[in-house]
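Keep the 3D view handy and follow along topic by topic.

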Amino acid sequence: MPDVLVLVDHDGERVHKSTYELLAAARRLGDPAAVVLGGPGTASRLTEALARHGATSVHAAESAEATEFLTTPAVDALELAVREVRPAAVLVSATTDGKEVAGRLAARLDAGLLTDAVDLDPSGTVTQIVFGGSCTVRARVTHGTPVIAVRPGSFEPEECPVAAVRHDLVLPPIDPAASARVTGRRAALAGDRPALTEAAVVVSGGRGVGGADGFKVVERLADALGGAVGASRAAVDAGYYPHQYQVGQTGKSVSPRLYIALGISGAIQHLAGMQTSKTIVAVNKDPEAPVFGLADYGVVGDLFAVAPQLTDEVAARRAGD
């Protein structure tokens with residue numbers, strides 16, 4: 001079977017869940033082949049985890065410069081791997097960075113690009129979310145090596161242990177004048193909750209929470225469910241919650257097993273970032289709120305009355321277990 005290249009998202013020590021999802025998606029088209037970009041020794045630390053999730057080969061692109069520049073090293077590494085193995089496709093995560101890498105790679109390869117993919121069949125046909133989440137289409141690349149950006153949460157990670165073969169890629173020198181250099185790093189305050197894009201449960205608050213203090217109700221429910229906290233653009237713009245937790249077209253796209261929207265009306269920009277969630281629960285005082293048109297379960301009521309009851313019930317059931 002042909003190789004399918006997967007760009008590995010990692011923090012230098014741990015492979016992100018989104019990569020395991022890409023490896024599962026890649027198996028629909030061929031043999032998953034991981035491309036690891038990082039400093040010396042990075043690939044060695046990650047190979048075992050990648051092989052456990054089905055990566056039959058690991059293409060290591062390691063250099064001291066690899067982490068000093070944005071985007072360019074990843075595009076260089078993928079281009080080298082594509083020209084070496086002639087893959088059936090290239091898969092990346094449809095994050096802000098991933099989409100930029102995908103676009104630049106497709107331009108270099110003179111190949112077709114598909115973004116915001118949520119499903120993929122063995123023929124290479126992709127199901128996409130397009131036009132800000134207002135439409136779902138099926139498309140297929142007809143020219144060159146398909147470059148596909150897959151939304152995190154669209155596939156379930158699967159362990160499929162194999163023996164991974166390592167290949168080393170020699171990155172070309174980077175032209176500092178034509179690339180953006182990283183001048184500093186600062187760790188984001190993540191706390192003990194799971195990452196927003198990797199969480200199985202996301203509880204989000206909107207303008208209806210009324211202020212920063214209102215998000216305590218959102219946080220308590222998220223903690224009771226072992227989930228992450230999200231926010232609508234309206235809540236973020238009003239200063240209720242930090243921008244890094246924004247869900248939507250101009251924020252992060254999530255696809256958890258359970259998404260709970262508290263006090264969110266359901267503007268199309270927000271729905272575009274969470275509509276592929278497996279189960280959606282909405283709580284809103286307005287029975288005409290657009291979010292109810294997408295929700296699997298809806299509660300017309302005051303979130304400050306409903307959410308605490310739900311939190312208490314979840315805590316009671318967990319205590320009973």
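What do the buried residues of α1 pack against? This is a predicted model, and in it they pack against the strands β1 (3-7), β2 (31-38), β4 (89-93), β5 (113-120) and β8 (147-150), plus the helix α2 (42-52). From there we'll move on to the cores, a sheet, some aromatic rings and the salt bridges.

- Helix α1 spans residues 17-26 and is mostly covered, with 9 of its 10 residues buried.
- Among those buried residues are Tyr20, Glu21, Leu22 and Leu23.
- The largest nonpolar core has 29 residues, and Val8, Val15, Val36, Leu50, Leu91, Leu120 and Ile148 are the ones with the most contacts inside it.
- Leaving aside residues up to four places away in sequence, Val8 touches Val15, Thr19, Ala34, Val35, Val36, Leu46 and Leu50.
- There's also a second, separate core of 26 residues, including Val75, Ala77, Val92 and Ala149.

- Strand β13 (residues 279-284) runs parallel to β14, and 4 bridges join the two.
- For Val281, the bridge partner in β14 is Tyr297.

- Val314 is found in helix α8 (residues 303-320), and its 15% relative accessibility makes it count as buried.
- Not counting residues up to four places away in sequence, Val314 touches Ala224 and Leu225.
- Val314 and Ala33 are 281 residues apart along the chain, and their C-alpha atoms are separated by 41 Å.
- Ser179 sits in the loop between β9 (165-169) and β10 (201-205), and it is buried, with a relative accessible area of 14%.
- With residues up to four places away in sequence left out, Ser179 touches Phe69, Thr72 and Ile174.

**Aromatic rings**

- The count of aromatic pairs comes to 2.
- Why does the pair of Phe215 and Tyr241 count as stacked? Their ring centres are 4.4 Å apart and their planes are at 20°, and planes under 30 degrees apart count as stacked.
- Phe215 lies in helix α5 (residues 215-225) and Tyr241 in the loop between α6 (233-237) and β12 (258-262), so this pair ties together parts 26 residues apart in sequence.
- Both partners are buried: Phe215 has a relative accessible area of 1%, and Tyr241 has 11%.
- Phe215, Tyr241 and Tyr245 form one aromatic cluster.

**Salt bridges**

- How many salt bridges does the structure hold? It has 21.
- Glu13 and Arg45 form one of them, with their closest N and O atoms 3.5 Å apart.
- That pair links distant parts of the chain, 32 residues apart: Glu13 is in the loop between β1 and α1, and Arg45 is in helix α2.
- Glu13 is exposed at 58% relative accessible area, whereas Arg45 counts as partly exposed at 40%.
- Arg28 bridges to Asp119, and here the closest N and O atoms are 2.7 Å apart.
- Arg28 is in the loop between α1 and β2 and Asp119 is in strand β5, so the pair ties together parts 91 residues apart in sequence.
- Glu100 and Arg104 make another salt bridge, with the closest N and O atoms 4.0 Å apart.
- Glu100 and Arg104 are 4 residues apart in helix α4 (residues 96-109), so about one helical turn separates them.
- Asp76, Glu79, Arg83 and Arg108 are linked in a network of salt bridges.

Conventions
Residues numbered from 1 in each chain as written. Predicted model: local features only at pLDDT ≥ 70, side-chain atom pairs only at ≥ 80, totals over all residues. Heavy atoms only, no water. Buried < 20%, exposed > 50% of the residue type's maximum accessible area, 1.4 Å probe, protein only. Contact = heavy atoms within 4.5 Å. Phe/Tyr/Trp six-rings, centres within 6.5 Å; stacked < 30°, edge-to-face > 60°. Pairing = 2+ DSSP bridges. Core = buried A, V, L, I, M, F, W, Y, C linked by side-chain atoms within 4.5 Å. Salt bridge = Lys/Arg side-chain N within 4 Å of Asp/Glu carboxyl O.
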